[in-house]
Every structure is written in structure tokens, then in C-alpha cells.
Amino acid sequence: MCHITQRSSTFSFPKICSIFWRFHHTSTSHWCSCSKTISDEKYQDPFQLGRKDLKNLYEDIKKELLVSAAELKEMCDYYFDGKGKAFRPMIVVLMARACNIHHNNSKEVQASQRSVAIIAEMIHTASLVHDDVIDDANSRRGKRTLNQIWGERKAVLAGDFILSAASVALARIGNTTIISVLTQVIEDLVRGEFLQLGSKENENERFAHYLEKTFKKTASLIANSCKAVSILGCPDPKVHEIAYQYGKNVGIAFQLIDDVLDFTSCADHLGKPTAADLKLGLATGPVLFACRQFPEMNAMIMRRFSKPGDVERAWKYVLQSDGVQQTTYLAQRYCHAATREIRKLRPSPEREALVHLTEMVLMRDK
């Protein structure tokens, strides 16, 4: 299971359920011992280690977005306000350092590697702006979305502008291999959005469809950004694959936990569900696992929870099933795969921080 990829269309849903049922009931002690091993090693805080390389990150992004149109500048500044955790750039600079140390014990991040971190954050933010338009979302990161304040048309144009500025910054790196790697992210984002708009009638194909969408919409950016900085820092193709696989597995795990939190976060804190994905008609991991215990959910999935009462019923079915637990176990396996990959690099504080990051992904509550 640690090697599920975005193209695993032949990996059937019943087989997935079977594996994770066995994993839960026979291998829990193995996972716990693995987690203990990670935690007992010298603690490395990813955000502390990455802080130096991310200093003035958002100021540098704003320099890339330098425009004369006051309203467009205001829209860009609204999202790049420096209040985010910069999760993706942080992974990128840590991976850059880990690969540089592995190759020639260099402890500095190259300017081109830092540029990849900036570009990754710009691509990510542009995708959020467009997603909010598609979903007609009214809040993001605790404040109103661009489409709610400035309208859909201007929000789309702002997202396009951020993406174009990222492309200019990418071209400035001057490496055709890096350009090819990172433009793949943009293609994957579009394809992932189209996958999200569709549904699979065949239950066995539905989970593979979900994992492929998850890779393209979330994990591809992390995987290919990690690969890009590894290429810039080390000539060994094996290291490039390690970086890619780490980013892919962490990215998929991050989204799986995100899908779990849609059912648990608000319920824990406020006593009521958010069910944001259900309201958008999306069948995420917890829903697909729950469907095995409640087959009546199949019809709701195919009509994208559009009938009155569908969202509420589906939410109750998920919490009555083991869908949340199974999705969490699946995320654990992806994190375990990411840890196994990154440990192939030479030991360094950055490598251990990337290991610790997998635990942080699993334990986050928002």
C-alpha cells in the first residue's frame, strides 16, 4: 500500500478495505513502534529550521507581483499577507537543504532553490483563488474570499495574474528541466479539478479516481517542487525520485487528513458538522469507506448529495461507520512511506525535520 500512485486504477476499493482492515487489526503495534522510533530521535522543528530561508518570503512574492493597477495589487496583497504558515515553501527549503547536504555537505540553500519555494506558494495561492470561485466559497484562511469581495470575474483574473507571475519567475531560473517539472503541476491542477467534477459509477474505480484527484490537486505541487530542488542541488536521479516520492506521499496524507477534519474538526469543537465537501457534492475518503457499510450511500454519491437531506444523512452514515478511522489509517501508511523514502538520504537536521513533519501532518486538527 505504501506504493499506491496516482495511476493505480487497477487497485480495487474492496482490496483497499481488506488491506486496511488487516492493517488496523494486526499491525497497530508495528505502526506505534515506528512512530515511537521517530519521536525518540532528536526533535527537529520544521518551522524553526525553515525560518531562515523563508525570511521575507511574502515580501519577495509581492515583488514578483509588482503591478501598477491599484485594485489588482490590493487583491494580491490580500492573500499574501504573511499570516500563513507557508507549509509548502517550508517543505521545499527543507528538502533543498537535505539534498544539498546529502550530495556535497553543502548547508546553504541556492537562490534558484529558494525561487522554487516562492513559485510553489504562488501556484498554490492561485489555485486557491480559482477553487474559491468554482466552489462559490465565502471564506478562506479565516477571512472573506476574493470572489466575495471583488466578484468572480476579478477573482479569476487575479488568480490568472498570480499564475502568470509564477511562470515568469520560473522562466527566470533558466533551467528547462525545472520548467518542465513545475509546469506539470499546473497541468495536474487543471486535470485534478476536472476529475473532481466527475464521478465513477463503478465502486471499484471510485477510490482510484479519488486518489488520482487527490494527487493532482494537492500532492503534485509538493512532489514536483521537492523534485525540482533536488535536481538543482544534486545530479543523482535516485535522489530526485526520493524527493518526489516523499512529497507525493506527504501531500496525499495531508489531503486525506484534511478530508477527515471536514467530519471531525467542527464536530469536536462546536458540536456540529461542517460537511463542506458534502455540500459541494464531493465523496472523499471517509464517505467512500463508509459506503462499504452503508451501500445506500451509492445513490447519494452519484447524485452528488443534491437531494434535500442527503448531506445530513451522509454525514451521519460516515460517523456511524469506520470511514474516518480507515481514512486516517490510510494517511498513516502514506506518511510511513514518506518517512521510509526520506531516510534514504544522509542524516541531517533537515532530514529529521522532514521525518517529524509526517507526524505533524497526522496530528493536525485544522
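Student: What helices and strands does this protein have?

Tutor: There are 18 helices and two strands, where a helix is a DSSP run of H or I with at least four residues and a strand a run of E with at least two, numbered from the N terminus. The model is predicted, so local features need pLDDT of at least 70 and side-chain atom pairs count only at pLDDT 80 or more, while totals for chains, interfaces and linings use all residues. Residues are numbered from 1 along each chain as its sequence is written, and side-chain values use heavy atoms, with hydrogens and water left out.

Student: Good to know. What share of the protein is buried?

Tutor: Buried residues account for 55% of the 366 residues. The cut-offs are under 20% relative accessible area for buried, over 50% for exposed and partly exposed in between, with a 1.4 Å probe and protein chains only.

Student: Then what makes T358 buried?

Tutor: T358 counts as buried because its relative accessibility is 2%, and that is under 20%. The residue sits in helix α18, residues 349-363.

Student: Which residues does T358 touch?

Tutor: Apart from neighbours within four places in sequence, T358 is in contact (heavy atoms within 4.5 Å) with Y246, V250, C335, A338 and T339.

Student: And which backbone atom lies by a polar atom of the T358 side chain?

Tutor: That is the backbone oxygen of V355, at 2.6 Å from a polar atom of the T358 side chain.

Student: Let's stay with α18. How do you know whether α3 is oblique, parallel or perpendicular to α18?

Tutor: Start with the angle: α3, residues 46-54, packs against α18 at about 125°, with the axes 9 Å apart. The angle makes α3 oblique to α18: under 35 degrees would be roughly parallel, over 145 roughly antiparallel and 65 to 115 roughly perpendicular, and the rest count as oblique.

Student: Which residues meet there?

Tutor: From α3 come P46, F47 and L49, and they meet P349, E350, A353, H356, L357 and M360 of α18. By class, this contact has seven nonpolar, one polar and one charged residues. Here Ala, Val, Leu, Ile, Met, Phe, Trp, Tyr, Cys and Pro count as nonpolar, Asp, Glu, Lys and Arg as charged, and the others, Gly among them, as polar.

Student: Why are α7 and α10 called roughly parallel?

Tutor: α7 (residues 111-135) and α10 (residues 176-197) pack at about 15°, their axes being 12 Å apart. With the angle under 35 degrees, the pair is therefore roughly parallel. α7 passes α10 in a right-handed crossing.

Student: Which residues make that contact?

Tutor: α7 contributes V116, I119, I123, S127, D131 and I134, and α10 contributes I178, L182, V185, I186, L189 and E193. They divide into nine nonpolar, one polar and two charged.

Student: Why is N105 called partly exposed?

Tutor: N105 is partly exposed because its relative accessibility is 44%, which falls between the 20% and 50% limits.

Student: What about the phi and the burial of F305?

Tutor: F305, in the loop between α15 (297-302) and α16 (310-320), is a residue other than glycine with a positive phi near 55°. With a relative accessible area of 5%, F305 is buried.

Student: Finally, how far apart are Y78 and R144?

Tutor: They are 66 residues apart in sequence and 9.9 Å apart in space, C-alpha to C-alpha. Y78 is in helix α5, residues 70-79, and its contacts beyond four places in sequence are K143, R144, L146, I149 and W150.

Definitions and conventions:
Axes fitted to C-alpha atoms, helices over the stretch in contact; angles between N-to-C directions. Left-handed = near helix turned anticlockwise from the far one by under 90°. Polar contact = N/O pair within 3.5 Å; in protein donor to acceptor, adjacent residues only side chain to side chain.
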